[in-house]
Amino acid sequence: MPHTTARLVTWIAVALGVGELLDTFDISFWEGALVFGILFLAGALWTRRGGVGGPILIGLLCAFEVQAFFSWAHDGTFDRITQIAFLIVSATGLVAVMGLLGSRFTARHRLG
């Protein structure tokens, strides 16, 4: 399960990273979207290499996305649909990261 969950976390981070980079063209604070896009993609690469640093970074970014959703301006139907999609993917990423870290923690303590 950890391998499959790590792959899911990686793909979620890639999707959110690409989404953030595409969002740089549509929002006023494009610098923030650019930084978040780069961080999501870096977290995806880091997760692929192993360890817990990448999933922790992705989890923190997803947690920020979830809590920030309620403060975003909602301009039109397409914008609302896009933001809700980001919310759902970010919440899924947060749950997947918690599952991945929990399974790695459990596996580590079983070994010794």
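Good morning. The protein chain on the screen has four helices and zero strands. Read from the N terminus, its elements follow the order α-α-α-α. The radius of gyration is 15 Å, close to the 13 Å that the globule rule gives for 112 residues, so the chain is as compact as a globular protein of that length. Please bear in mind that this is a predicted model.

Let me turn to overall dimensions. Along its principal axes, the C-alpha trace spans about 55 × 20 × 20 Å. Of the contacts with a separation of 6 or more, 57% are accounted for by residues 24 or more positions apart.

Next, the surface. How much of the chain counts as buried? Of its 112 residues, the share is 34%. The chain exposes about 7100 Å², and carbon and sulfur atoms supply 71% of that area. As to charge, there are 7 positive and 7 negative side chains, and the centres of the two sets lie 26 Å apart.

Which residues of α3 are buried? They are Gly53, Gly54, Pro55, Leu57, Ile58, Gly59, Leu61, Cys62, Glu65 and Ala68. When reading that list, please recall that an α-helix has 3.6 residues a turn, so residues three or four places apart point the same way. Among the buried positions of α3 are Leu57, Leu61 and Glu65, and also Ile58 and Cys62.

Thank you for your attention.

Conventions. Residues are numbered from 1 along each chain as its sequence is written. This is a predicted model: local features need pLDDT of at least 70, side-chain atom pairs count only at pLDDT 80 or more; totals for chains, interfaces and linings use all residues. Side-chain values use heavy atoms; hydrogens and water are left out. Buried means under 20% relative accessible area, exposed over 50%, partly exposed in between (1.4 Å probe, protein chains only). Helices (H or I, at least four residues) and strands (E, at least two) are DSSP runs, numbered from the N terminus. The radius of gyration is taken over C-alpha atoms; the globule rule is 2.2 Å times the number of residues to the power 0.38. Contact means heavy atoms within 4.5 Å. Accessible areas come from the Shrake-Rupley method with a 1.4 Å probe; for residues, only the protein chains shown count as cover. Lys and Arg count as positive and Asp and Glu as negative; His and the chain ends are not counted. The place of a charge is taken as NZ of Lys, CZ of Arg, CG of Asp or CD of Glu.
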